[in-house]
Each structure stands twice: as C-alpha cells, then as structure tokens.
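Colleague: I would like to learn how to read a few features of a protein model. Could we go through them one at a time?

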Amino acid sequence: MAVDFAIKENDTRPVFEAILRDGFKQPVNLTGATVVLHMRLKPAGAVKITAGVMGAVGNAVNGRQSYTFTAANTDTAGTYEAEIQVTFSDGGIRTFPPDGYLEVLVKDDIA
C-alpha cells in the first residue's frame, strides 16, 4: 500500500489534510459535526492519537479537514494506520475510509 501522508520524526508540519467523500464521491457535509483523527502503530499496535480533533478547511460543506500534529504525535518513527471518525450533529457516526485505513509514515530523523 502506498503511503497517504509522510512526516519526519518530531515534526509538526506539514499539516495533514483529507477530503471526506460519500459513496458517490461527493464531499460530505460536516456542518455541526465533530471530526477526530485516530492513529495507531502498525500492525495493530499501540494507539498514538486517540482524539486529534480536526478542523474544517474552508466551509463545512466541502468535506475538507485538517490536523496539525504535535511533537508528541510524531515522536516515534514507524508506519501507522489512521482513520477519521465523524460524529454528525444527529449523533450518527461514520468512519473514513470505510474499507481500510490511511497509511501515515513517521520517518526517523538524522539529527
């Protein structure tokens, strides 16, 4: 599987961005929703991020979200599985991607 996002160990940039789309490839309307990034070390290892609240990029109807990593999020090099969990204003929950995980690479530093 190809890496969906890469960042160096202890870095906080670049910002992770994702566009959440429905089954018809249309952006999901996230008005009033809470969007959280979850990430764990592969294979099925310890959870690294459990409540990384994401923020809208632009308006809530374009499905675009971002997350700025902290140094604590990237202090351990390795390949991670990630998913984005949306809790809609009516209490419904949907996880993206629905058929697997995003792959995030935290590459070790030289210095």
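Modeller: Let us begin with how the elements are named: helices (H or I, at least four residues) and strands (E, at least two) are DSSP runs, numbered from the N terminus. This is a predicted model, in which local features need pLDDT of at least 70 and side-chain atom pairs count only at pLDDT 80 or more, while totals for chains, interfaces and linings use all residues. Residues are numbered from 1 along each chain as its sequence is written, and side-chain values use heavy atoms, with hydrogens and water left out.

Colleague: Which element gives the largest share of the lining of the largest pocket?

Modeller: Rolling a probe the size of a water molecule over the atoms shows where empty space is left. A pocket, on a 1 Å grid over the protein atoms alone, is an open set of points where a 1.4 Å probe fits, with protein on both sides within 12 Å along at least five of seven lines, and lining residues have an atom within 4 Å of a point. Here the largest share of that lining, 4 residues, comes from β2, and the elements giving two or more residues to it are β2 and β8. The lining has 17 residues, of which I19, L20, R21, F96 and P97 lie nearest the centre of the pocket.

Colleague: Which residues touch the most other members of the largest nonpolar core?

Modeller: In soluble globular proteins, nonpolar side chains tend to be buried together. A nonpolar core is a set of buried Ala, Val, Leu, Ile, Met, Phe, Trp, Tyr and Cys residues joined through side-chain atoms within 4.5 Å, where buried means under 20% relative accessible area, exposed over 50%, and partly exposed in between (1.4 Å probe, protein chains only). In this model the largest such core has 22 residues, and F16, L20, L37, F69 and I84 touch the most other members. Among the elements that give two or more residues to this core are β1 (5-8) and β3 (34-41), while β7 gives the most, with 4 residues.

Colleague: Where is N10, and is N10 buried or partly exposed?

Modeller: N10 lies in the loop between β1 and β2, has a positive phi of about 70° although it is not a glycine, and counts as partly exposed at 40% relative accessibility. K25 also has a positive phi of about 70° without being a glycine; K25 is placed in the loop between β2 and β3 and is exposed, with a relative accessible area of 62%.
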